[in-house]
Amino acid sequence: MAITTAKEKILNRIREALTDTVPLPFPQSEGMQSVYPYLSEDNVVLFAEEFTKLQGKFSFCSGKEDLGNQLNQLLAERNWDNIYCAEKEWQKLLGSISLLHYEDLPSCDASITGCEFLVSRTGSIVLSSASAKGRTASVYAPIHICIAYTDQVVYDIDDALVSVKEKHHLSFPSFVTFASGPSRTADIEKTLVAGVHGPKEVFCFLLDRQK
C-alpha cells in the first residue's frame, strides 16, 4: 500500500473542497454596496469636522484674495519665511503676498501643495505623483499646507479613487497616497507623538473655484 504524505493529504482536501463549493450565505451583500452609507450632511462640513479631529487645521476662504490674506497672516504669526512650493498656481499666490519660492525642500519652514481630492468621511487629503514634487513636497517639510477647492471634496475613499482614475484616464499616477492629519505614532511607550515620520502640522485652506 502506498504511503500518503502530509502534503498529498492537504492537496486532496483542497481538491475535494473545490469540487464541492459552499454557496455564499448573503450573495446580495457582496461588494455591491458601501459599508459606510452616504450621509446627507454637506461634504465640506463633514471634511472640516473629520480633518480637525485628526489634529488638522482647517480654514475656509471666500476667494484667492482671502486665501492670500489668511496665508500671509499665518506665515507672519509663525515667522515662516522659507516656503517651498513647486506648483505654479500656488507660486503665483506666494508672489502676490511678496514671498519668494524657497528652493530647498529639506530645510524649508513649510511646504505648500495642492491635492487631487479631499475625502470627507475620513478627513483625508489625496495626493499623487501627478503634481510637481508630488512624492516629497507633503512629506519632507516639517509643516504641510494644502490648498484645495470645494469641488475637490468627495465623500468616501472609493469616490476619490474613481475620480483620480477619471481625471488621469490617459496615464494613472504611479503614486497615490491618503494623508490623514499630521504624521503621528504611538510606538514608544504608547505615547502619541506627532511629526515623527512626516509633517508635525497639516493645514488645509479650502476655497470655491472662481468661474
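This is a predicted model: local features need pLDDT of at least 70, side-chain atom pairs count only at pLDDT 80 or more; totals for chains, interfaces and linings use all residues.
An α-helix has 3.6 residues a turn, so residues three or four places apart point the same way.

The strands β2, β3 and β6 belong to an open sheet of five strands, which has the order β1-β11-β6-β3-β2 and parallel pairing. Strands β1 (57–61) and β2 (83–84) stand at the edges with a single partner strand each, so one side of each is left without a neighbour in the sheet. Within the sheet, strand β3 (residues 110–113) runs parallel to strand β6 (residues 143–149) and is joined to it by three bridges, and Thr113 stands opposite Cys146 in β6. Helix α3 (residues 64–78) packs on this sheet, where it touches β1, β2, β3, β6 and β11 (201–207), and the direction of α3 makes about 160° with that of β11.

The largest nonpolar core has 22 residues, and those with the most contacts inside it are Leu71, Trp80, Ile112 and Ile145. Two or more residues are given to this core by each of the elements α3, α4 (88–96), β3, β6 and β11. When neighbours within four places in sequence are left aside, Trp80 is in contact with Leu74, Leu75, Asp109, Ala110, Ile143, Ile145, Glu201 and Phe203. Apart from this core lies another, of 13 residues, among them Cys115, Ile125, Ala148 and Leu206.

A further open sheet is formed by four strands in the order β7-β4-β5-β8, and its pairing is mixed. The edge strands of this sheet are β7 (153–154) and β8 (176–179), each of which pairs on one side only. Strand β4 (residues 117–119) and strand β5 (residues 124–128) run antiparallel and are joined by three bridges, with Leu118 standing opposite Ile125 in β5.

A search of the whole structure for aromatic pairs finds four. In one of them, Phe47 and Phe58 are arranged edge-to-face, with 6.1 Å from centre to centre and 65° between the planes. Because Phe47 lies in helix α2 (residues 43–53) and Phe58 in strand β1, this pair ties together parts that are eleven residues apart in sequence. Phe47, at 0% relative accessibility, counts as buried, whereas Phe58, at 25% relative accessibility, counts as partly exposed. The rings of Trp90 and Tyr149 have their centres 6.0 Å apart and their planes at 35°, so this pair is tilted. The pair links distant parts of the chain, since Trp90 is in helix α4 and Tyr149 in strand β6, 59 residues apart, and both Trp90 and Tyr149 are buried. Ring pairs also link Phe47, Phe51 and Phe58 into a cluster.

Notes. Residues are numbered from 1 along each chain as its sequence is written. Side-chain values use heavy atoms; hydrogens and water are left out. Two strands pair if DSSP finds at least two bridges between them. Contact means heavy atoms within 4.5 Å. Axes are lines fitted to C-alpha atoms, for helices over the stretch in contact, and angles run from 0 to 180 degrees between N-to-C directions. A nonpolar core is a set of buried Ala, Val, Leu, Ile, Met, Phe, Trp, Tyr and Cys residues joined through side-chain atoms within 4.5 Å. Buried means under 20% relative accessible area, exposed over 50%, partly exposed in between (1.4 Å probe, protein chains only). Rings of Phe, Tyr and Trp (its six-membered ring) pair if their centres lie within 6.5 Å; planes under 30 degrees apart count as stacked, over 60 as edge-to-face and the rest as tilted.
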